[in-house]
Structure formats: structure tokens, C-alpha cells
Amino acid sequence: MIPGSFEYHRPSSLDDAIGLLSSLGEDALLVAGGHSLIPMMKLRMAMPEHLVDLQDVQSLKSITVDTNQISLGAMVTQAELIASDELHAACPILRETSLQIADPQIRNLGTIGGNVANGDPGNDMPAIMQMLGATYVLAGPQGTREIAARDFYEAAFFTAREDGEILTTIKFDTPTAGHGWAYEKQKRKIGDYATAAAAVVLTVSGGVCETASIGLTNVADTPLWAEEAAGVLVGSALDEATIKTAANAAVAITDPALDGRGPVEFRKHIAGIMVQRAVAKAAQRAQ
Amino acid sequence: MSDIKINMTINGQAVETTADPRTLLIHFLREDQNLTGPHIGCDTSHCGACTVDMNGKSVKSCTVFVGQANGADIVTIEGIAEADGTLHALQEAFRQNHGLQCGFCTPGMITRAYRLLQENPNPTEEEIRYGISGNLCRCTGYQNIVKSIQIAAEELSHKEAAE
Ligand SMILES: Cc1cc2nc3c(=O)[nH]c(=O)nc-3n(C[C@H](O)[C@H](O)[C@H](O)COP(=O)(O)OP(=O)(O)OC[C@H]3O[C@@H](n4cnc5c(N)ncnc54)[C@H](O)[C@@H]3O)c2cc1C
Ligand code: FES
Ligand code: FES
């Protein structure tokens, strides 16, 4: 399968990339790691006339961790996320999740920016970013703007990003020290997209859950932030019955598609199990 | 569409040519450079038969455009043995330990393991299995592949200790 013809561009600065995107118009697409885009180009589901490769834009490659905020450049690869001990110390769910994405070769090229900008409900990072309450920074010809990950996803492959915009940074508040976390992902085989997955971060004080946030992957045509389910946990002792009630509240907002990963009822059921496991594991890890 | 200039290093040799941007790195290597070691198994980024080393990282060359690899340092299975033909410890271990049956996955397996052992010279069995999780083999059941990589790792660390 050889993709259709296109012109290849490799700008070396963000301004040049924005300029190219505006002058080339809607027939141009950005390429980051290419591991969602190139498969789609082979299937002719994407047929750009121009590809603008971001690999030389150095300003998109940094990971910054401080006590209040973490920010990730769009061109940071999954492998680089896994390798950063500083990031792992502050927000361990990112390594746990990245290790469950695809395989080593794909993680060497696939980027965090491509993963969240792509808009595929199967991508794992969007639910993580919704769960963390992350903000996306978009740069375009009119300057930059910020949008919450929770407002970014409209439908499968439709996001709030405008054609001429480049996602530059993903930022979020550094989770409270001692928080519990877990990403539980059910998949058919290693490297597969989720049948259903749940992301949880919570804090516990004196045996009582103080804060909680839950995100869900691949159980609707967008990632889901399960606000009500998390609300059930807050104030509880994270006992089995409460966790079950929270999982049911999460399942209630899912609307998975029927695909090779199983019938709708099965995927909803798995979503509930993933929420229960993720909450239980996070509770155990919380200090 | 207009061809682009290509400059890269492949197995230590500088290559300067032109190519159509739609060319995938695997096709460039196999058809333009006559390096038919890396294979096309699935063409869908799953099997890893097309694995090559790009700037010190394992990648699936069926999912890289030739332009993306411009300026890169590429190593294929053809570049892993020594110049005089002496096999690399991994190649020798696969040969001695029945690490292959039909051999179709082998170039990708060895090229991946070559990088894995540089990232992690003493991997556990589990680390080897996770490390080659992007490479599929339809014949061996993986047992002898894992064993070959373990034996090569020991061999390489003895060699290192001796030097
Ligand atoms: C076999 C296989 C298994 C996989 N399994 C998983 C999995 O389990 N979980 C998972 O999450 N992913 C999985 N992936 C997808 C992989 O993680 C991709 O790398 C990722 O989805 C996209 O990142 P990329 O850098 O490769 O983006 P690209 O493919 O280059 O781009 C994807 C899309 O995002 C746009 N884009 C990229 N960067 C930007 C930017 N900075 N600003 C605006 N738009 C941008 C592109 O124009 C394109 O439309 C898998 C892929 C394969 C091939
Ligand atoms: S041919 Fe590239 S992964 Fe199968
Ligand atoms: S030896 Fe036949 S596919 Fe691996």
C-alpha cells in the first residue's frame, strides 16, 4: 500500500511551520511521528497534498516539571515520556500509560502531541489529559489560544483545532504529592487499542478520599471525563460498595461502538471492571 | 510531485540521491538501495519485519517516509555483521539455537534485539519479551528467539569484560 502523492516540507521553526500551513491551506497536514497518519494515508483515508513534518522544530521537544505545573512539548515521543524519571516522580500515570501504547518501535516515533491531536477515540492519552484537567496550547496565524482537554474532542477525528493551528504544548497542574494513580487497559493482545480503559488519580487523607478524577478510553466516539463517578468516590472510604457504585456511574455515560473488540454490552461491562480495578489500585497506591 | 533530495548514512555509507516523497523507507531500502534484508510482513505497522535502526532507535520502516529519514543514520540487518563477514553475536546465537524457522521475521528480530541489548545489556526474560513485543513470529513460538537473545547478551558481556 503506497500512499498518494504529496509534497514534503520540513520547517525548522514553529513560525515557519505556521506560515507553511497557512499558505498551503487545507490540503496540508502536519506529520509528527506518522504512526496514525501514515496508516491512514496508506488506506487513502487521508490524502494530503502537502505534509509538514515537525521533527526539526526543537521548541516542541521539552518536558518541564515543576512543583505547580507540568508541561509537555507536542513533539515529545512516548519513549521520551517513559524515559523521564523526573516526570515519573511527579506524575507516574504517564509512564504507566505510555508503556501500554503500541510497542517499542512505535513509541520511538509516536508523539504525545500526535496522540492527543489525532482525535481517534482509541488513543490512550486524551482520556489521561481529560482526567488530569490538562490544557492544550494551540498556535496559529492569529497567535496562540488555550483550550481545555475536556472541551477539545467533538466526535471521532473531529476536534476543536482549526486547520491552520499547531498544538504546541500540553500543560496541567502537578498532581498532589502522595496521590494514587492507575491506568487499567483491557486489550486483546499487547500493542492493541483498548477494548475499554480507565484512568484514575485520587488523593486520600485519614482513610477518606479527598479528590478523585476518572477518564475513560475507547468507550464512546470521544474520550470521556467521568465527573459524576469521581464525585461518588469523594468523601468515601473507597470501600468495595462505593467503588462499584462509581463504576456503574461511569458505565452509564459510555456509548461504545460495536467493533472487533466485542459487542456494546461487553465493552460497557469491561469499562466498569476497568474503573473498579483502577480505583482499587489507585487507592492502594495513595499515601 | 517533485522529488526531494535524500542524504543519509546507511550501514556506515553516505547515500546521496533523490526520491519521490511518497516512498516509504522500506521501499527505498529494498528497491532503491537493494537492501532486501528488512522485510515487508504486514505493511500495517504490526509485525516488525521491516525494523531498522534509525538514529540509534528501532523503527518500523514501513511507517516512515523517506523524507522523514533524511539526514538519519540507518542500520539494517546487512550492517550488523563485521566487515570481514564475522557474524554478530546475535546472528551466531540465532543460528546455533534455532532462533529461526522460516526466517522471515529474523532480520527484524535481530535488528530490534541489536538495539535492545544496547539499551539494556542484561535483560531479564520478561524484558526481552516486552522488548520484542513489536515483532511477530509465526513459526517459532518465540522460545528459541528469547533464548538466542539471552545467549547473545551473555556472549556480548563476556566480550566486553575481556576487552
Ligand atoms: C500498530 C499500532 C498500534 C497502536 N496502538 C496504540 C495504542 O494502543 N494506543 C494509542 O494511544 N495509540 C496507538 N497507536 C497510535 C500511535 O500512538 C500514534 O503514534 C499516535 O496516535 C499519533 O502520534 P504521531 O506522533 O505518530 O502522530 P501522526 O500520525 O504524525 O499525526 C496524527 C494526527 O495528528 C495531527 N498532528 C500531529 N501532531 C500535531 C500537532 N503538534 N498539532 C496539531 N496536529 C498534529 C496530524 O496532522 C495527524 O492528523 C498505535 C499505532 C499503531 C501503528
Ligand atoms: S511490514 Fe512494517 S511492521 Fe509489518
Ligand atoms: S521464523 Fe518464521 S516468522 Fe519467525
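On a 1 Å grid over the protein atoms alone, a pocket is an open set of points with protein on both sides within 12 Å along at least five of seven lines, whereas a cavity is a set of points where a 1.4 Å probe fits but cannot get out; lining residues have an atom within 4 Å of a point. Grid points are joined across faces, edges and corners, and a volume is the space filled by probe spheres set on the points. The structure is a predicted model, in which local features need pLDDT of at least 70 and side-chain atom pairs count only at pLDDT 80 or more, while totals for chains, interfaces and linings use all residues. Residues are numbered from 1 along each chain as its sequence is written, chains are lettered from A and ligands numbered from 1 in the order in which they are written, and side-chain values use heavy atoms, with hydrogens and water left out.

The second largest pocket has a volume of about 670 Å³. Its lining comprises 21 residues, and those nearest the centre are A:Ile82, A:Leu99, A:Pro104, A:Arg107 and B:Gly131. Two or more residues each are given to this lining by α3 (78-83) and α6 (104-109) of chain A and by α3 (106-119) and α4 (125-131) of chain B; helices (H or I, at least four residues) and strands (E, at least two) are DSSP runs, numbered from the N terminus. The largest share, 4 residues, is contributed by α4(B). By class, the lining of the second largest pocket holds 7 nonpolar, 5 polar and 9 charged residues, where Ala, Val, Leu, Ile, Met, Phe, Trp, Tyr, Cys and Pro count as nonpolar, Asp, Glu, Lys and Arg as charged, and the others, Gly among them, as polar.

Chain A contains 12 helices and 14 strands. The C-alpha trace of chain A spans about 60 × 45 × 35 Å along its principal axes. Of its 287 residues, 56% count as buried (under 20% relative accessible area, with exposed over 50% and partly exposed in between; 1.4 Å probe, protein chains only).

Within chain A, A:Ser71 lies in strand β5 (residues 69-73) and is buried, with a relative accessible area of 17%. Beyond residues up to four places away in sequence, A:Ser71 touches A:Ser62, A:Ile63, A:Thr64, A:Thr169, A:Ile170 and A:Lys171 (contact means heavy atoms within 4.5 Å). A:Ser71 and A:Lys171 are 100 residues apart in sequence, yet their C-alpha atoms are 4.2 Å apart.

Chain B has 5 helices and 5 strands, arranged along the sequence as β-β-α-β-β-β-α-α-α-α. The radius of gyration of chain B is 16 Å, close to the 15 Å that the globule rule gives for 163 residues, so chain B is as compact as a globular protein of that length. The C-alpha trace of chain B spans about 50 × 35 × 25 Å along its principal axes, and 51% of the 163 residues of chain B count as buried.

Definitions and conventions
The radius of gyration is taken over C-alpha atoms; the globule rule is 2.2 Å times the number of residues to the power 0.38.
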